[in-house]
Amino acid sequence: MFPYAYEVPVSKQVRVIMNTDAKNEADDQFAIVHGLLTSKFSIEGLIGAHFGTQRTNNSMEESYQEILHILDIMGIAGRIPVFRGAPNRLPDSNTPVPSQGAEAIIAQAHREDPRPLFALFLGPLTDMASAYLMDPSIAGKVTCIWVGGGPWPHGGNEFNLANDIHAANVVLQSGIPVWQIPQNVYTMMRVSMAELQLKVRPYGKIGSYLFQQMVDFNMAMSNRPGWPTGESWTLGDSPAVGLLLDPYLFSYDLMPIPSIDATMHYLPLQKTDKTLRVYRTIDPRYILEDFFSKLALCFPQANSVYPL
């Protein structure tokens, strides 16, 4: 039970599956916690996603273990289903990589429940594409919110897309409704380390962990030129949560479904009347203040646990 002085009517609630490459950087963790603290959401499962092989050969398993670690710190281990996703990208556009995560998406898509189902993808679209290739009938039963892809209209190199271009093409052309938060939009979620020290660190063990793991990652990357910059970060995955809180109905364009080439550029399809919801802006203040407020309300003391 949430410690909020308000309730969200059942008719306004949504079912959520969150697919996250949680151990890739240090921002997925903030989106995970934000989603878990949101009473509008019925979290049906968390899926550990792969993030390539640049830093590790076990990226999916590391993401899976990070999710378990977050739930343990919050005091809710075992209360939210956690699944392993695909360990690697699709080999082509016709072959799924079966996983617990893909099976969970299919199961939730076919579940009898009047509340709409959303799959939040904070990394590559491998598990969404695999679920569709395994069972195309899910196309009309789940909406995919994806943090990824380069700026429109041209596209270009972007990390989440780079980790599975085949999967992106499968999902975009599947008939599954997609809300895309491209690179130029998710990078609007800038925060400073001082802000996080003041508004996140003091609130429970999870607040301390969120702040410290970002500090540690920042230091671990200190010899890298350019990014990160030293005293700021981008909570680029948090807009996926924010758009389910408020979909910003006048902040997106409906774009023709593209094909994405090997260089990650958008190419027009010859024949399609399907469209993709592409966000051109978000409201970082609203998303961040909602997260900061929920964190402080749920963890008012350093030793508090999530009162689920």
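In what order do the 8 strands of the open sheet lie? I began my notebook with that one.

**Entry 1: ground rules.** I am working with a predicted model, where local features need pLDDT of at least 70, side-chain atom pairs count only at pLDDT 80 or more, and totals for chains, interfaces and linings use all residues. Residues are numbered from 1 along each chain as its sequence is written, and side-chain values use heavy atoms, with hydrogens and water left out.

**Entry 2: the sheet.** I read the order as β3-β2-β1-β4-β5-β6-β12-β9, with mixed pairing. At the edges I found β3 (82–84) and β9 (252–256), each pairing on one side only. From one strand to the next, the twist averages 25°. My reminder on terms: strands (E, at least two residues) and helices (H or I, at least four) are DSSP runs numbered from the N terminus, and two strands pair if DSSP finds at least two bridges between them. I then followed β9 to β12 (residues 275–279): they pair in the antiparallel sense over 5 bridges. Pro 256 stands opposite Thr 275 in β12.

Entry 3: How many of the 10 residues of helix α3 are buried? I got 7 for this helix, which spans residues 100–109; buried means under 20% relative accessible area, exposed over 50%, and partly exposed in between (1.4 Å probe, protein chains only). Among them are Gly 101, Ile 105 and Gln 108. The cover over the buried residues includes β1, β2, β3, β4 (117–121) and α4 (126–134).

**Entry 4: charged pairs.** Side chains of opposite charge can pair when their charged atoms come close. My search of the whole structure gave 9 salt bridges, each being a side-chain nitrogen of Lys or Arg within 4 Å of a carboxyl oxygen of Asp or Glu. One of them joins Lys 23 and Glu 66 at 3.6 Å, N to O. Lys 23 sits in the loop between β1 and α1 and Glu 66 in helix α2 (residues 59–74), so the pair ties together parts 43 residues apart in sequence. I noted Lys 23 as partly exposed at 35% and Glu 66 as buried at 5% relative accessibility.

Next I looked at Arg 84 and Glu 61, whose closest N and O atoms are 2.7 Å apart in a salt bridge. Arg 84 belongs to strand β3 and Glu 61 to helix α2, 23 residues apart.

**Entry 5: a network.** Which residues are linked with Arg 115 in a network of salt bridges? I wrote down Glu 44, Arg 111 and Asp 113. Between Arg 115 and Asp 113 the closest N and O atoms are 3.0 Å apart. Arg 115 is buried at 14%, and Asp 113 is buried at 18%.

Notes. Axes are lines fitted to C-alpha atoms, for helices over the stretch in contact, and angles run from 0 to 180 degrees between N-to-C directions. Contact means heavy atoms within 4.5 Å.
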